[in-house]
Amino acid sequence: MKTLLRNFRNWAIKNGLSSGSASSYCTYLRKLDAISPFAKFGHYLQIIADFLNDKNRNDGDSLYALSICDRMLQVIGTKLVSPAPCLNKPDLLNGRSALRLLLEYLYRIALCSSGSVLDNVRKTFNKQNLHKIDGMDSLIAHFGVNNFVRIAIESSYFFDIDIKMDRNQVLTNLFNNRDAIPARATTKGEINPDYSHVFQNNGWWYCENGTPLFPIDIDPDGNKFVRQLINSYTGYTIGQGKGSIFQNYIISHIWGRAYDPRFFTSFWNIVLIPAWANSLMDKMAPQGSVASKLKATFMAICWQYYQLASCSHWGALQMGSHIPQVVNPQDVVHGEYTINVIQRKPANMHPSIVAPIIQVSVTV
């Protein structure tokens, strides 16, 4: 255990923590043994160290080492809702931060090749609770979480403010005229009593709390209308096979809610994200996770760049409580980002020419 903590501390210092902070993180980790579900097998940090140096397995057993960290994080989450007397809330929060950094360290270290107690620990896990082997882990481990977030964002493509403003005005006009607005069909996983799509009066309607609000036009394949708008505004193509200009990029709705006609074709909600990063945008993201940090930072950049705090269309679009906010703002990876922004093509531009792409600095 001492070797694990010493190596973790040295790694943390090399990756930006001060010497004092790194030592504090080690202290936070030690304190968490008071809530460990593995107490009968020994200190949970020693068990992690033993799994990493399991002589019964040639290369150690990183899966169970990582699974112990996951289980400890779950316990902390439960204790924070119903605080246990053995640890106060600051200790739990500090311990959670330290565990998340320990997880990042375990991803990145070279594992080496203790006792029979380890099989008993393995038996406490069922398969669904084992740490998930995620294809993103190697990238995150190589770059570190903050650098991964930066690379993902600075490799993405946003749309010019003028495009966002024009589309907002178009949507407002359509709403005022009670014309059908594009929306993505709801999926089984999105069924919610607060909203629905209802077919009535020979057409589909978007409803909230059982009340029809807007007539909608269900998108035939989930993003056809968005692809058409991108092409119309900029000349670029995406998601249309080998001929598309954007390859290995995904049309991502940053705040989701593509079933809502106010969100589906609004360009403040649309970013072209590299396929290797976009999978994290589709996950339910617990606070503090890599996915939450990526989502929160994308949201913060959109909020800042598109000036959503002062948008004049919220009232006309009847957004109410749906005005987009940064989810888990504490997870925003702050800093200055250089983002790619696709311009709006001039009306007289030849159809074979695409709009320019500029770079804009945004600080969040």
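**View 1. His 253 meets its partner across the strands.** His 253 stands opposite Ile 270 in β7. This is a predicted model, and that goes for every view here. The strands in this close-up are β6 (residues 249-253) and β7, and they run antiparallel, with five bridges joining them.

**View 2. Strand β7, wrapped up on both sides.** Here's β7 again, residues 270-274: five of its five residues are buried, so the strand is largely enclosed by the rest of the structure. In a regular strand, side chains alternate between the two faces of the sheet. In β7, Ile 270, Leu 272 and Pro 274 take one side, while Val 271 and Ile 273 take the other, and both sets are buried. In other words, both faces of the strand are covered.

**View 3. Helix α4 from end to end.** This helix covers residues 62-81, 20 residues in total. From first C-alpha to last, α4 reaches 29 Å, close to the 28 Å expected at 1.5 Å a residue.

**View 4. The largest pocket.** The volume of this one comes to about 1600 Å³. It has 47 lining residues, and Arg 100, Leu 103, Gly 288, Ser 289 and Val 290 are the closest to its centre. The elements giving two or more residues to the lining are α1 (2-14), α4, α5 (89-108), α7 (137-143), α8 (145-154) and α13 (290-305). Which of them gives the most? That's α5, with eight residues. Sorted by class, the lining of the largest pocket has 20 nonpolar, 16 polar and 11 charged residues.

**View 5. The second largest pocket.** This pocket has a volume of about 990 Å³. Of its 34 lining residues, look for Trp 255, Gly 256, Arg 257, Met 281 and Lys 295, which lie nearest the centre. Strand β6 turns up again here: β6 and α13 each supply at least two residues of the lining, and β6 gives the most, with four. The lining of the second largest pocket divides into 17 nonpolar, 11 polar and six charged residues.

How values were computed:
Residues are numbered from 1 along each chain as its sequence is written. This is a predicted model: local features need pLDDT of at least 70, side-chain atom pairs count only at pLDDT 80 or more; totals for chains, interfaces and linings use all residues. Side-chain values use heavy atoms; hydrogens and water are left out. The expected span of a helix is 1.5 Å times one less than its number of residues. Buried means under 20% relative accessible area, exposed over 50%, partly exposed in between (1.4 Å probe, protein chains only). Two strands pair if DSSP finds at least two bridges between them. On a 1 Å grid over the protein atoms alone, a cavity is a set of points where a 1.4 Å probe fits but cannot get out, and a pocket is an open set with protein on both sides within 12 Å along at least five of seven lines; lining residues have an atom within 4 Å of a point. Grid points are joined across faces, edges and corners, and a volume is the space filled by probe spheres set on the points. Ala, Val, Leu, Ile, Met, Phe, Trp, Tyr, Cys and Pro count as nonpolar, Asp, Glu, Lys and Arg as charged, and the others, Gly among them, as polar.
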